[in-house]
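Here's a quick tour of one model, going from a pair of strands to the core and then to a single side chain. Have a look at it first.

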Amino acid sequence: MEGLKVDIHRTGFPVKIGTIELWFDSSLENLRRFFDVEELAQEKLKQAQEKAKHIHFPEEIELENIDIQLVDAAFDVNKEFIAAQYDVIFGDGTFKKIYKEYPDILALENALDPIGVAIAKKIEELEVERSEKVEVKKNEYLNKKAQKQ
């Protein structure tokens, strides 16, 4: 006897960043994370700051006496914060994948706002479609119920 096979279609849509195609999971479970992205990224930032706590950042920076290790540490904290946002939005490891192809932290940081706005707009469009489908199904059900009476 052959069993039943039910296909599951992932909820979401592709998002292309440069030449890299990612998947945005628009399931209800992931949307909660997406709308809390700033809070989740702040938690990651705190972790990065804890790592860098032993580093003393001077009040004023003298160009002739720049401490490269200090600059690298500050860069790493910022990079971890940007990485956390990409990983929260698209899943763990996403930032490494993008950064490998586009090693430009400023460009990736600047892309975050347009990505967030575009995803939010797409989510709104999907919600309108979902509401319309629910309305159609509700009307079909009510029509069937009325015909039985």
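A polar contact here is a pair of N or O atoms within 3.5 Å, where, within protein, one must be able to donate a hydrogen and the other to accept it. Keep that in mind for the last group, and remember that this is a predicted model.

**The hairpin**
- Strand 1 (residues 12-17) and strand 2 run antiparallel, joined by 6 bridges.
- Across the pair, Pro14 sits opposite Trp23 of strand 2.
- The hairpin leaves 2 residues between its strands, and Gly18 takes a positive phi near 65° there.

**The core**
- The largest nonpolar core has 23 residues, and those touching the most other members are Ile17, Phe24, Tyr86, Phe90, Phe95 and Ile119.
- Two or more residues each come from strand 1, strand 2, helix 1 (28-35), helix 3 (68-90), helix 4 (94-101) and helix 5 (105-148).
- Phe24 has contacts beyond its neighbours within four places in sequence, among them Phe13, Val15, Leu31, Phe34, Ile89, Phe90, Ile119 and Ile123.
- As a rule, nonpolar side chains in soluble globular proteins tend to be buried together.

**Thr94**
- Thr94 belongs to helix 4.
- Is Thr94 buried or exposed? Its relative accessibility is 7%, so Thr94 counts as buried, the cut-off being under 20%.
- The Thr94 side chain reaches the backbone oxygen of Gly91 at 2.7 Å.
- Leaving out residues up to four places away in sequence, Thr94 touches Leu22, Tyr86 and Asp87.

Technical notes. Residues are numbered from 1 along each chain as its sequence is written. This is a predicted model: local features need pLDDT of at least 70, side-chain atom pairs count only at pLDDT 80 or more; totals for chains, interfaces and linings use all residues. Side-chain values use heavy atoms; hydrogens and water are left out. Two strands pair if DSSP finds at least two bridges between them. Helices (H or I, at least four residues) and strands (E, at least two) are DSSP runs, numbered from the N terminus. A nonpolar core is a set of buried Ala, Val, Leu, Ile, Met, Phe, Trp, Tyr and Cys residues joined through side-chain atoms within 4.5 Å. Buried means under 20% relative accessible area, exposed over 50%, partly exposed in between (1.4 Å probe, protein chains only). Contact means heavy atoms within 4.5 Å.
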